Amino acid sequence: MFVSGGGVTLLDNEISGNSAKNGGVFYVSNGNISTQTSEITGNSASADGGVFFVNTGNIYLGKGSGNNQNYDVNLSGNNAVNGGAIALYNGVFSLSDNSFIINNTATGNGGGLYVVNDEDEAQKTISCTGGEFSQNSAKFGGGIYANGDIVLTFAANVIENSANNGGGLYIDG
């Protein structure tokens, strides 16, 4: 799905088996994407963002209320070069309670989340009020890779991620 200059909210979805060069499932340019009570598994990108590729936009995961699910958002088993689950350039990332980014793989940086801010005019934010990054892997930043002028507000669990450098979190710049 390609989103440009707008916003999309996903509710109660199961998405799997998709692939693309960037954004195995979603490519967002100058827009916002919000996902609640969704399970997104087994997707891939040959470049960045196994599930989400967001260029100058925001991504919000969680705060859903599904009837038969014990999670808000589950991103698992996805892969890419950078951002096994999510690649975010110049935007804001938010993860809420009971959301999971698990078992994703990047052959480069950011097994779970890859964030780069190369804009000079504004800081960008990674805000995790809960949730979990676990069992993700990459060369740098098994759970999370962050580069640039970024404010990190963090209350998520970071468990059993692996990397050559920064198993849980790698901050560069």
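1. At 37% relative accessibility, asparagine 98 counts as partly exposed, a class that lies between buried (under 20% relative accessible area) and exposed (over 50%), as judged with a 1.4 Å probe and protein chains only. Asparagine 98 sits in the loop between strand E14 (92-95) and strand E15 (100-102), where strands (E, at least two residues) are DSSP runs, as are helices (H or I, at least four), and are numbered from the N terminus. Asparagine 98 has a positive phi of about 60° although it is not a glycine.

2. Before going further, please note that this is a predicted model, in which local features need pLDDT of at least 70 and side-chain atom pairs count only at pLDDT 80 or more, while totals for chains, interfaces and linings use all residues. Residues are numbered from 1 along each chain as its sequence is written, and side-chain values use heavy atoms, with hydrogens and water left out.

3. Most residues other than glycine have a negative phi. Threonine 56 belongs to the loop between strand E9 (52-55) and strand E10 (58-61), and with a relative accessible area of 29% it is partly exposed.

4. Which residues have the most contacts inside the largest nonpolar core? They are Phe52, Leu61, Leu75, Ile86 and Phe93, in a core of 30 residues; such a core is a set of buried Ala, Val, Leu, Ile, Met, Phe, Trp, Tyr and Cys residues joined through side-chain atoms within 4.5 Å. Apart from this core lies another, of 6 residues, among them Phe53, Ala87, Val116 and Tyr145. In soluble globular proteins, nonpolar side chains tend to be buried together.

5. Phenylalanine 52, leaving aside its neighbours within four places in sequence, is in contact (heavy atoms within 4.5 Å) with residues including Phe26, Ile33, Ile59, Leu61, Leu75 and Ile86. Leucine 113, in strand E17 (residues 113-117), is buried, with a relative accessible area of 0%. Not counting residues up to four places away in sequence, leucine 113 touches Ile86, Phe93, Ile126, Phe133, Gly143, Ile144 and Tyr145.

6. Is asparagine 78 buried or exposed? Asparagine 78 is buried, with a relative accessible area of 1%, and is found in the loop between strand E11 (73-76) and strand E12 (79-80). A polar atom of its side chain lies 2.8 Å from the backbone nitrogen of asparagine 43. Beyond its neighbours within four places in sequence, asparagine 78 is in contact with residues including Ile40, Val51, Asn103 and Asn104.

7. Lysine 124, in strand E18 (residues 124-128), counts as buried at 15% relative accessibility. Among the residues it touches, not counting those up to four places away in sequence, are Asn90, Glu119 and Asp149.

8. On the surface, Leu152, Phe154, Val158, Leu169 and Ile171 form a nonpolar patch with about 390 Å² of accessible area together, the areas coming from the Shrake-Rupley method with a 1.4 Å probe, and only the protein chains shown counting as cover for residues. Patches are made of residues with over 30% relative accessible area and no salt bridge, in which like charges are joined within 9 Å and nonpolar side chains (Val, Leu, Ile, Met, Phe, Trp, Tyr) within 5 Å; a salt bridge is a side-chain nitrogen of Lys or Arg within 4 Å of a carboxyl oxygen of Asp or Glu. Strand E22 (150-154) and strand E25 (169-172) each supply at least two residues of the patch, and leucine 169, found in strand E25, counts as partly exposed at 35% relative accessibility.

Definitions and conventions
Polar contact = N/O pair within 3.5 Å; in protein donor to acceptor, adjacent residues only side chain to side chain.
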